[in-house]
Amino acid sequence: HGNTSTASNQTAMQQCGLIPPLLQLALAPEAPSSIRSQALYAIGDIIRTHSANQNLFQRILITAAPDDDDDTDNNGGDSGDRAIPEPAIVIVIRLSVGKRPAAVPANEYYIVRAAAAYLVQAYSGGNPDAQLALAATLTPPGSGGPAGGPDEHQSAGSLIVSVLLGWREAGAEDVWRVWYASLLLSTILYGHTECKQLALKITVGDEAKGEEPLPLLNELMSQARQAIQGGAESRLAVSLLTLVCVWLVSFPKGVSAFLDESSNVAFLVELINGSSGIGVLVQGVAAFLLGLVYQFDTEPDTPMTRDALHPILSKRVGADQLLIRVQRLRDSREFQYAMGLSAGTHSNAYGGAPVDVYFDGVFTDLFKNHYEGFRAAVRLGPSDVLANPSYAHLQGGMAGYTSSAASGSAPGTPVLAAATPLSRAVSPPPAAQTTAPGADSEPMVPRRELDAQAARVAELTSEMEALQRELAEARVAPPASSAADEQLEQERTLRAQVEAERDAHAGEVDRLRGMLDSFETQQRGTDDGSAQVAELESQISGLKIDAERRDAEWSVQREELQKKLANAEKQVVKAAAVGRNSSKKKDQQQSAALDSLRSDLAAKDDQIAALGQKVTELTAQAKAAAGVDELKSRIAALEKEQEDLLVYLADQDQQAKEYRARLRKHGEDIPLSDDDGDNDDDDDDE
């Protein structure tokens, strides 16, 4: 790509009918994965940035073979009702994010996913109509299993959304499915406001089951939160957060919907401020996302205005920490790896999934284009951001920046030419020389050169006046004692700068005088009678007088400035002395107050110790009393049990007497007992 003959070559390949056989080869399950991936890459190269070939590819319909479907092994190979013609782009998207066929090893199938994603990007790249067509198919997942594959054919957008929301029911290998689903949705949304608006209308949640509908945007944030809290692989959270970044950039309505869920900002702040358990990549993407939210929060009816976001950004997080997190992300090995790759070519044709793949080409392109605007936005106040929310003048990307590893400067330091207004002012253009009329060998300075020199003198004078104004503005009232030394140092630095600039200007004036003298000497060597020479001499004389007058004025002003600086130093010294005395008195008062507090604390400690001793004694007494009460209750219980036992024994004796009496009546020879004798006596008495 990029050659002048690329378009003609693509047209010739299409006219030769290469796309259908390449598609057939790419979809052949018996073909090696390396061959299938190369066929997909070839189709992508044929249609990339070629509108006619892209339109042709859009019209291709394919009847998918059973082995091409991502859930064939879950249905026993029954495909009687599956031979439905589908657009080729849907089949390719299914290859990228669908379930891996059981017969293909995981390390081989990754390259097929990568090649299929490349083909989708080639189809939608530079093709807004294709992006819009794919965005129109974005629908919430149906009744089928989100990650395991639905029972019915899904549209391209529905399949992508299903995979994004179904990662919890999938295995570890399916993290790559979510990663590629995020890449494809980012490709659909990137740079297309209408597609972002269509995606913003999607809600997730079944009201019939009592679930509250939630916009897909906020559901993705919820999924990222669950992935991080559940200890899932960080690649999963990174892919979801980068997708949200692509969605929200330059899309204020999306930012407003994002802020409608108040927990989103709190979640980002928690990630950025997290000290352990959160990786550098997740923290960096979270910081970049928070900066984008602040930058593009321009909707009038936003739930959280910039005035409310700014304290969170500046105090709870801090602009410096935010930039540090993003800088660490930018310098990370994983991000640099992604920067060096083209979109969709994260692996070679024969290798498995590389461990360093965390970022896709869409996000890295977004990051490069908006890095400078992001840096400017997070350092400006709410009103400044509102004045220029797009930062078109700062969208230069990262071209002027070098990584911290490449130079000794701080990370993100712009590489600029070290040229100040003063250095430019003291570097005049070379003097042009020409030949005077009537004198071929004598140099002659034209009138425009003298005018230029006069302008230089005026420019120097203007700069000296500007320096005076800066000095007047820099001088303030005597500072408080705590900042007296710092103010004194600033005054000294300012004085040194003024003197250095004065010396530079004096040297410039001397140089100009020398040039004027040289010009005057040159003019004297010419024809004194010519009118041009007389005019030049008059101008030179006027310039010399003007330069001397201005030099005298500058000398007077310099003396006045020196006097003012000396007075300012005296005032600073005096203020410092007063501040030290007042500080000493305050220290004494504070020391006395601390001693009083210490004595009060000691008295309170003694009281607390005495109360503790009393509590200990009362606790011991309570324990003893509790023991006595327990003993009494046990004795009472034993006495009651004894009484019950005596009553029971008396009943048993009575029953035994009755039984013996009955036996005697029946003729049994039962000897009388003592108790029986007593009973008989009683009977006789009666």
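A crossing of two helices is left-handed if the near helix is turned anticlockwise from the far one by less than a right angle, and right-handed if it is turned clockwise. This is a predicted model, in which local features need pLDDT of at least 70 and side-chain atom pairs count only at pLDDT 80 or more, while totals for chains, interfaces and linings use all residues. Residues are numbered from 1 along each chain as its sequence is written, and side-chain values use heavy atoms, with hydrogens and water left out.

**View 1. Overview of the chain.** The chain holds 25 helices and six strands, these being DSSP runs numbered from the N terminus (helices H or I, at least four residues; strands E, at least two). Of its 686 residues, 40% are buried, where buried means under 20% relative accessible area, exposed over 50% and partly exposed in between, with a 1.4 Å probe and protein chains only. Among the contacts in the chain with a separation of 6 or more, 71% come from residues 24 or more positions apart, a contact being heavy atoms within 4.5 Å.

**View 2. Helices α8 and α9.** The axes of α8 and α9 come within 9 Å and cross at roughly 135 degrees, the axes being lines fitted to C-alpha atoms, for helices over the stretch in contact, and the angles running from 0 to 180 degrees between N-to-C directions. That angle makes α8 oblique to α9, given that angles under 35 degrees count as roughly parallel, over 145 as roughly antiparallel, 65 to 115 as roughly perpendicular and the rest as oblique. The crossing in which α8 passes α9 is left-handed. On the α8 side the contact involves I160, V163 and L164, which meet R177, V178, A181, S182, L184, L185 and I188 of α9. By class, this contact of α8 with α9 has eight nonpolar, one polar and one charged residues, with Ala, Val, Leu, Ile, Met, Phe, Trp, Tyr, Cys and Pro counted as nonpolar, Asp, Glu, Lys and Arg as charged, and the others, Gly among them, as polar.

**View 3. V163 in helix α8.** V163, which lies in α8, is buried, with a relative accessible area of 3%. Although V163 and S182 stand 19 residues apart along the chain, their C-alpha atoms are separated by 9.1 Å.

**View 4. The buried face of helix α7.** In α7 (residues 128–135) the buried residues are A130, Q131, L134 and A135. Seen down the axis of α7, these buried residues fall within an arc of 135 degrees, so they line one face of the helix; the arc is that of the directions from the helix axis to the C-beta atoms. An α-helix has 3.6 residues a turn, so residues three or four places apart point the same way. The buried residues of α7 pack against α5 (88–97), α6 (106–124), α8 (156–165), α9 (175–189) and α10 (193–200).

**View 5. Helices α11 and α13.** Helix α11 (residues 216–229) packs on helix α13 (residues 252–260) at an angle of about 55 degrees, with their axes 9 Å apart, and that makes α11 oblique to α13. Here α11 passes α13 in a right-handed crossing. L217, N218 and M221 of α11 make the contact with G254, A257 and F258 of α13, and by class it has four nonpolar, two polar and no charged residues.

**View 6. Positive phi in two loops.** Most residues other than glycine have a negative phi. T49, in the loop between α3 (33–47) and α4 (51–59), has a positive phi near 60 degrees and counts as exposed at 60% relative accessibility. S250, in the loop between α12 (234–248) and α13, is not a glycine either, yet has a positive phi of about 55 degrees; S250 is partly exposed, with a relative accessible area of 42%.
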